[in-house]
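Subject: A structure for you to look at

Hi there,

Here is the structure I promised to pass on. Could you open it and keep it in view while you read my notes?

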Amino acid sequence: MDLRAWITAERRTQDDVADAVGISRAQISRIVRGASQPSTEVVEGILRLTGGAVGLEDLHRVRVRYLVSTGRLRLDPFPLSAPTQTDARAAA
């Protein structure tokens with residue numbers, strides 16, 4: 001579950017989460033949007049606050065989605081694979 005969904009489901013506010021985790025509301029807003037990568041300490045605070053409902057993978061997924069949407073990260077649709085025979089011949 002992403003942090004935004006958890007905040008909504010638990011009827012909390014970003015201010016509540018920021019206070020509980022010990023960071024500013026502006027910082028929690030950036031984390032919720034994926035505009036900022038949280039520190040290890042903040043991730044641990046979010047894990048404790050949410051009882052594990054929001055995990056590191058959830059925070060990372062939101063961050064990657066943000067980076068892709070802003071063009072700062074381009075995901076290659078063709079992941080690295082083993083060289084083909086054609087590649088081997090071309091290298092020779």
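First, the ground rules. This is a predicted model, so to speak of local features I need pLDDT of at least 70, and side-chain atom pairs count only at pLDDT 80 or more, while totals for chains, interfaces and linings use all residues. Residues are numbered from 1 along each chain as its sequence is written, and side-chain values use heavy atoms, with hydrogens and water left out.

Helix 2 covers residues 14-21 (helices are DSSP runs of H or I, at least four residues, numbered from the N terminus). Its residues Q14, V17, A18 and V21 are buried (under 20% relative accessible area, with a 1.4 Å probe and protein chains only). These four span an arc of only 100 degrees around the axis, which puts them on the same side of helix 2; the arc is taken from the directions from the helix axis to the C-beta atoms. An α-helix has 3.6 residues a turn, so residues three or four places apart point the same way. Helix 1 (3-9), helix 3 and helix 4 are among what covers the buried residues of helix 2. Just after helix 2, G22 has a positive phi of about 90 degrees.

Next, the cavity. The largest cavity has a volume of about 30 Å³. A cavity here is a set of points on a 1 Å grid over the protein atoms alone where a 1.4 Å probe fits but cannot get out, and lining residues have an atom within 4 Å of a point; the volume is the space filled by probe spheres set on the points, which are joined across faces, edges and corners. Helix 5 (residues 56-69) gives the largest share, three residues.

Two of the lining residues deserve a look. I31 sits in helix 3 and is buried at 3% relative accessibility. Leaving out residues up to four places away in sequence, I31 touches L3, I23, S36, P38, V42, I46, L59 and V62 (contact means heavy atoms within 4.5 Å).

S36 lies in the loop between helix 3 (25-33) and helix 4 (40-50), and is also buried, at 14%. The side chains of S36 and Q27 form a polar contact of 2.9 Å (N or O atoms within 3.5 Å; within protein, one able to donate a hydrogen and the other to accept it, with residues adjacent in sequence counting only if both atoms are side-chain atoms).

Happy browsing!

Conventions: Helix = DSSP H or I, 4+ residues; strand = E, 2+ residues; numbered from the N terminus. Buried < 20%, exposed > 50% of the residue type's maximum accessible area, 1.4 Å probe, protein only. 1 Å grid on protein atoms, 1.4 Å probe; cavity = no way out; pocket = protein on both sides within 12 Å on 5 of 7 lines; lining within 4 Å.
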